[in-house]
Amino acid sequence: MIRVVFLIVSLIAAPVAAQESPPPAAKDAKQPQFSENVEVVAVTPIHGLGVPKSKVAANVQVIIPPAVPALAPSDTARLLAQRATSVTVTDSQAGTFQPDMLFRGFTGSPLLGSSEGLAVYQDGVRMNEAFGDTVSWDAIPATAIASLNLIPGSNPLFGLNALGGALSIRTKDGFSASGSRGSFRGGSFGRYDAEAESGGQNGRLGYYLAGSLNTEDGWRDHSPSTVRRLFGDVGWRSTGSQFNVSFTGASNDLTGNGPSPEPLLAQDRAAVFTYPDRTDNDVAMAAARFLSNRSFGHVDGVAYYRYTALRTFNGDWAGDEAEGDFDAINNHSYTRSDAFGATGQVSRGTPLAGRDNHFVVGAGLDSAATRFDFSAEWAHLTPDRGTIGSGLFDEDDAVDLHSRTTTGSVFATNIWSATARVAVTGSARFNWTAVRLRDQIGDDLTGDHTFGRLNPAAGVTFQATPRVNLYASYTQSSRVPTPVELTCADPEDPCRLPNSFVSDPPLDQIVAGTWEGGARGSRGGLSWNVSAYRTSATDDIIFVSSGTLRGEGHFENVARTLRSGVETGVNYERGGRLSAFASYTIQRAEFGTDVVLASRFHPLAEDAEIEVAEGSSLPGVPRHSGKFGVAGRLFTRLDAGITVRAQSSTYLRGDEANLLVPAEGFAVADAHARYRLSNRISLVGQITNLFDGQYSTFGVLGDASLLDEDFEQARFYSPGAPRAAWIGAEVRF
């Protein structure tokens, strides 16, 4: 277990280490709240030499976190939702630290049961957990992030699961982030945040250390959470070479009691249906990165080991599964995973036919061993719908599963400037994956599955004028079924998430192809972009609500799904005193074929099934979304800003046929301010949901007859948090 000890060490060590480092440059205080000035972007997860954005045939977004970390959102997903085009978040658990991030209709979620479609990397290390391709946003060290590259499309260079896009995170080190700071803030919902970071270097050696503690009572009933994160990096560099060793740690106690029935929310927006629903997430990852300029090219490599221990405890109403005088079930799960891997690449910038040329070739190997245990305990409901365990367990639901997932890959890409204005890209990646399952109770879950595929990509950019760049591309990527999906694919015997498993039919791997074209440009402090895309996913894997309880269901392949849209964005910066951005996306995420799906709680279902027509919208994906933000210097010492996010209505999970009224759209405004008492000390303030709007980010159909027999087929929603405010201080050393 990784506990508070490592956080205490980090919070103490950071200010002490500050005595060894010079104070940050004064110009840091003049940085605007938003920035997107980085012109070189990553073309592979470990970045390498990088390529000018004007030669990359995609709308790559480069996001720099706020200059005042104390005003940043609580996690990476919410930062992107606030800032990045075509990104929205849903809170299916209705908790602060477990969001689902949607990008162009594809999901990156920490929850089993989501149809994962985004690949996430931190310093070249794949952060998707092998057991379910999930992403623990709460474990990513938000304080230590230097930049984020959001790569759209089905780019094969980012490996498995990059169906709709990939996120490449670069962290800080002592060579790029010298100086130290600490901050503290507190306010609504009993929330307190403390952060500290320190970095320094002497020319050859550098260090960076960051730690954070976030704790809150939660705005909903029975919903406390605590997040502890630590990141450290030690680096050495010489002329042409650099070597870094880093540690990422987290020990988080999260509560997200899930959606509540609409009639219950009408009485009290803070009410929960049943509780508790707790997740204890412990992560420890060590990584080593190496780069060196050699006569034959630029060499980059990364190797890592990650240990993850995830415990969940979910108390739920038993519904039709009640037995005797037991009217509730406590679901216990424990997942332990040991993952390790290495990736290396060589980049060459040697001209080809007298023209600029950028060539990269590399290979990688990743392996993860996971042990999953599940048990279901009979329980009683309390008057406020909490659960009290009996100590008696249903032996038929017990699971003890060992899995190993191993993926080997080779990849290459070449960007050639055919003329002074035209750049042509060709890429490919071959992935081979083996999934080994061993049932430790019987042999029903035992099986071996192998998948292999070569995915190509091609693109072209054209510098139409000195200020306008055009591009077009086709990219292809794939995702293999994860162990959790392979063992939960039988509609006749649905699984509880997370999870009891059964012997299931095999699933096919998903293959996605994306066509994209667009334009971008800049003039002075103004930059803009517009792009259109269409992604077709064959054998897409979705979670179907086929069980007798909310949260029960199974995974199955759908022959084809489509996601298409147009996105546009504009950014403006003026002399370090004013920055603004705006973006808008219209998109369509839909089923590409007729399909019959189980939906037990749908009021129009026949034999617990609904007929989903081709063209029906995928649940949870808004047709329209947009955001706007402005930040600037109001007075000599006062900076302030506001951001607004808006999205249109979405269909509920369980209503894939789009037969019911969708969940309403919403708009939310947040505001922040910073007052500099001196060059080192600032006061900060933040207000979320400024106008106290009532909205929901997620909806699902379920049985709420526990409240009233008329609510057997009810709409459950995850309510958005009400208006909240926090104030605090930041000190720089």
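Modeller: The sheet to begin with is an open one of three strands, in the order E4-E5-E6, and its pairing is antiparallel. Its edges are strand E4 (87-90) and strand E6 (106-108), and since each of these has a single partner strand, one side of each is left without a neighbour in the sheet. From one strand to the next the twist averages 30°. This is a predicted model, and the values quoted here are computed from it. Strand E5 (residues 100-103) is joined to E6 by three bridges, the two strands running antiparallel, and in this pairing Met101 stands opposite Gly108 of E6.

Helix H2 (residues 76-83) packs on this sheet, where it touches E4 and E5, and its direction makes about 130° with that of E4. The helix is mostly covered, with eight of its eight residues buried; these are Thr76, Ala77, Arg78, Leu79, Leu80, Ala81, Gln82 and Arg83. At the start of H2, a side-chain oxygen of Asp75 comes to within 3.1 Å of the backbone nitrogen of Ala77. Arg83, listed among the buried residues of H2, lies over the face of Phe581, at 4.2 Å from the ring centre.

Most residues other than glycine have a negative phi, and most peptide bonds are trans. Asp123, in the loop between strand E7 (118-122) and strand E8 (125-126), has a positive phi of about 55° although it is not a glycine. With a relative accessible area of 6%, Asp123 is buried. Phe189 is placed in the loop between strand E11 (179-187) and strand E12 (191-201), and its phi is likewise positive, near 65°, in a residue other than glycine. Phe189 has 22% relative accessibility and therefore counts as partly exposed.

Strand E15 (residues 241-255) is mostly covered, eleven of its 15 residues being buried. E15 also pairs with E17, in the antiparallel sense and over 15 bridges, and Thr255 stands opposite Arg278 in E17. Leading up to E17 is a loop from H3, which is the place of Pro276, and the peptide bond from Tyr275 to Pro276 is cis, with omega near 5°.

A second open sheet of three strands has the order E16-E38-E37, again with antiparallel pairing. Strand E16 (260-261) and strand E37 (696-702) stand at its edges, each with a single partner strand, so one side of each has no neighbour in the sheet. E16 and E38 run antiparallel and are joined by two bridges, and the bridge partner of Ser260 in E38 is Tyr717.

The structure holds ten aromatic pairs. In one of them, the rings of Phe273 and Phe716 have their centres 5.3 Å apart and their planes at 80°, so the pair is edge-to-face. Phe273 lies in the loop between helix H3 (262-267) and strand E17 (277-294), while Phe716 lies in strand E38 (residues 714-719), so the pair ties together parts that are 443 residues apart in sequence. Phe273 and Phe716 are both buried, and ring pairs link Phe273, Trp317 and Phe716 into a cluster.

Phe326 and Trp378 form another aromatic pair, a stacked one, with 6.2 Å from centre to centre and 20° between the planes. Phe326 is in the loop between strand E18 (297-317) and strand E19 (328-348), and Trp378 is in strand E20 (residues 357-381), so that this pair, too, links distant parts of the chain, 52 residues apart. Both Phe326 and Trp378 are buried.

Conventions
Residues numbered from 1 in each chain as written. Predicted model: local features only at pLDDT ≥ 70, side-chain atom pairs only at ≥ 80, totals over all residues. Heavy atoms only, no water. Phe/Tyr/Trp six-rings, centres within 6.5 Å; stacked < 30°, edge-to-face > 60°. Helix = DSSP H or I, 4+ residues; strand = E, 2+ residues; numbered from the N terminus. Buried < 20%, exposed > 50% of the residue type's maximum accessible area, 1.4 Å probe, protein only. Lys NZ or Arg CZ within 6 Å of the ring centre and 35° of its normal. Pairing = 2+ DSSP bridges. Axes fitted to C-alpha atoms, helices over the stretch in contact; angles between N-to-C directions. Contact = heavy atoms within 4.5 Å. Polar contact = N/O pair within 3.5 Å; in protein donor to acceptor, adjacent residues only side chain to side chain.
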